[in-house]
Amino acid sequence: MGKSVVWQIKRFNELSLRELYSLLKLRSHVFVVEQNCVYQDIDGKDEKALHLLGKVNDQIIAYSRMFKAGDYFQNASIGRVVIHPEFRNNKWGHDMMQQAIAAIEHNFDTKQITISAQLYLKKFYESNGFMQTSEMYLEDDIPHIEMKRGT
């Protein structure tokens, strides 16, 4: 029998120290080390966000954060979308996006979501209902596009 993910949504003050450390470690592992991108991951916005944790055997292997309208973009938003490299072949990114979209609809009562997506993931986000709404731009020297859903 294969492993399965346990999904949890938590506010910042509901995260345990171990969870906070683990999610920051995962974000740093992928966004700073794997993508070879020096940037300020701890940006002061985690305290406003809802945090989606995907756990296998109590280890955080998937993560994203969600914001209500006005906290990051004009619309609600999803960011820091990440799956641990050892678990990417399980295609849990789609499950994570559906969990994040449902969390926004439930917690923020909106279907309008904006994201700043890495350009190479355009098809992935399109398959989750997002449409490109900007030209390519560089964010931390990585090509990105703005994408929206439900507008």
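A polar contact here is a pair of N or O atoms within 3.5 Å, where, within protein, one atom must be able to donate a hydrogen and the other to accept it, and where residues adjacent in sequence count only if both atoms are side-chain atoms. The model shown is predicted, so local features need pLDDT of at least 70 and side-chain atom pairs count only at pLDDT 80 or more, while totals for chains, interfaces and linings use all residues. Residues are numbered from 1 along each chain as its sequence is written, and side-chain values use heavy atoms, with hydrogens and water left out.

View 1. Arg149 belongs to strand 8, which covers residues 142-149; helices (H or I, at least four residues) and strands (E, at least two) are DSSP runs, numbered from the N terminus. Arg149 is buried because its relative accessible area is 19%, the classes being buried at under 20%, exposed at over 50% and partly exposed in between, with a 1.4 Å probe and protein chains only. Leaving aside residues up to four places away in sequence, Arg149 touches Ile101, Glu105, Lys111, Gln112, Ile113, Asn128, Gly129 and Phe130, a contact meaning heavy atoms within 4.5 Å.

**View 2. Arg65 in strand 3.** Arg65 is placed in strand 3, residues 59-67, and counts as buried because its relative accessibility is 1%. The side chains of Arg65 and Asp46 are joined by a polar contact of 2.8 Å. When residues up to four places away in sequence are not counted, the residues that Arg65 touches include Arg27, Asp43, Lys45, Asp46, Tyr72 and Arg80.

View 3. Arg80, found in strand 4 (residues 76-83), has a phi near 50°, which is a positive value in a residue other than glycine. At 14% relative accessibility, Arg80 is classed as buried. Asp58 also has a positive phi, near 65°, and is likewise a residue other than glycine. Asp58 sits in the loop between strand 2 (50-56) and strand 3, and its relative accessible area of 65% makes Asp58 exposed.

**View 4. Asn75 in the loop between strand 3 and strand 4.** Although Asn75 lies in a loop, the one between strand 3 and strand 4, Asn75 is buried, with a relative accessible area of 10%. A polar contact of 3.0 Å links the side chain of Asn75 with that of Thr114. From C-alpha to C-alpha, Asn75 and Glu47 are 18 Å apart in space, and in sequence they are 28 residues apart.

View 5. Gly93 is part of helix 2, residues 92-108, and with 13% relative accessibility Gly93 counts as buried. Beyond residues up to four places away in sequence, Gly93 touches Ile83 and Phe124. Val32 is found in helix 1, residues 17-34, and is partly exposed, with a relative accessible area of 24%. The residues that Val32 touches, with those up to four places away in sequence left out, are Arg27, Cys37 and Tyr39; Arg27 is also one of the residues touched by Arg65.

**View 6. The whole chain as a setting for the close-ups.** The protein has three helices and eight strands, and from the N terminus on these elements run β-α-β-β-β-α-β-α-β-β-β. The radius of gyration is 15 Å, close to the 15 Å that the globule rule gives for 151 residues, so the protein is as compact as a globular protein of that length; the radius is taken over C-alpha atoms, and the rule is 2.2 Å times the number of residues to the power 0.38. The C-alpha trace spans about 40 × 35 × 35 Å along its principal axes. Of the 151 residues, 42% count as buried, and among contacts with a separation of 6 or more, 60% are between residues 24 or more positions apart.
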